[in-house]
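Look over the sequence and the fold before reading on. The report starts at one residue and then widens out.

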Amino acid sequence: RRGDVQRMTAGSGVRHSEFNGDAKDPVEFLQIWLLPERAGLKPSYEEKRFPQAERAGAMTLIASRDGRDDSLTIHQDVDIYGAYLEGEDVVETTIDAGRGAWVQIARGAATVNGTPVESGDGVALEDETALRIQARGGVEALVFDLA
């Protein structure tokens with residue numbers, strides 16, 4: 001369902017498939033792969049719902065290395081945020097020295113640090129100190145704070 005986030009650590013010996021259990025209604029989802037920080041991790045799985053209302057007008061932490069703030073736990077030095085902005089809503093955050101960011105536009109249109117973007121677009125930010133996303137009529141985005 002919309003707002004559901006799953007995290008899987010495959011490890012070894014895992015069989016996995018994705019399918020839509022509803023023959024009538026289509027499904028859209030993003031599948032994102034991050035290399036783990038080390039090999040040999042035990043297979044594991046988490047799923048959590050992040051309702052749109054909780055992400056409205058803000059960046060909500062949905063995954064992190066330490067699972068803080070009720071986020072999913074991932075095995076890499078990255079924080080992943082979800083944002084749902086309406087109208088001309090704006091979210092801003094700092095980017096710490098030595099880190100970068102990737103913004104993935106899942107739906108809608110916005111500007112990212114002044115650059116116009118639409119559904120499916122991604123923006124890489126390096127050597128930047130701030131990130132500013134402004135909706136252009138509404139946008140759903142993922143923000144990756146990367147080492």
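Leu125 touches Ile95, Gly100, Ala101, Val112, Asn113 and Leu131, with residues up to four places away in sequence left out. Contact here means heavy atoms within 4.5 Å. The model is predicted: local features need pLDDT of at least 70, side-chain atom pairs count only at pLDDT 80 or more, and totals for chains, interfaces and linings use all residues. Residues are numbered from 1 along each chain as its sequence is written, and side-chain values use heavy atoms, leaving out hydrogens and water.

Which residues have the most contacts inside the largest nonpolar core? They are Val103, Val112, Leu125, Leu131 and Ile133, in a core of 19 residues. Strand 5, strand 7 (100-112), strand 9 (122-125) and strand 10 each supply at least two residues of this core. Strand 10 gives the most, with six residues.

Two terms need cut-offs. A nonpolar core is a set of buried Ala, Val, Leu, Ile, Met, Phe, Trp, Tyr and Cys residues joined through side-chain atoms within 4.5 Å. Buried means under 20% relative accessible area, exposed means over 50%, and partly exposed is in between (1.4 Å probe, protein chains only).

## Salt bridges

Side chains of opposite charge can pair when their charged atoms come close. The structure holds 13 salt bridges. Each is a side-chain nitrogen of Lys or Arg within 4 Å of a carboxyl oxygen of Asp or Glu.

Arg65 and Glu37 form one, at 2.4 Å from N to O. Arg65 sits in the loop between strand 3 (59-64) and strand 4 (72-73), and Glu37 in the loop between strand 1 (4-9) and strand 2 (44-49), so the pair ties together parts 28 residues apart in sequence. Arg65 is partly exposed at 41% relative accessibility. Glu37 is partly exposed too, at 36%.

Asp79 pairs with Arg68, with the closest N and O atoms 2.7 Å apart. Asp79 lies in strand 5 (residues 78-87) and Arg68 in the loop between strand 3 and strand 4, so this pair links parts 11 residues apart in sequence. Is Asp79 buried or exposed? At 13% relative accessibility, Asp79 counts as buried. Arg68 is partly exposed, at 31%.

Arg132 and Glu92 meet at 3.2 Å, N to O. Arg132 is in strand 10 (residues 130-146) and Glu92 in strand 6 (residues 90-94), so the bridge joins parts 40 residues apart in sequence. Arg132 is partly exposed at 34%, whereas Glu92 is exposed at 58%. Salt bridges that share partners also join Arg2, Glu28, Arg107 and Glu140 into one network.

## Ala106

Ala106 is in strand 7. Its relative accessible area is 30%, which makes Ala106 partly exposed. Leaving aside neighbours within four places in sequence, Ala106 is in contact with Leu30, Ser119, Glu140 and Ala141.

## The whole chain

Helices (H or I, at least four residues) and strands (E, at least two) are DSSP runs, numbered from the N terminus. From the N terminus on, the order is β-β-α-β-β-β-β-β-β-β-β.

Buried residues make up 33% of the 147 residues. Residues 24 or more positions apart account for 63% of the contacts with a separation of 6 or more. Along its principal axes, the C-alpha trace spans about 45 × 45 × 25 Å.
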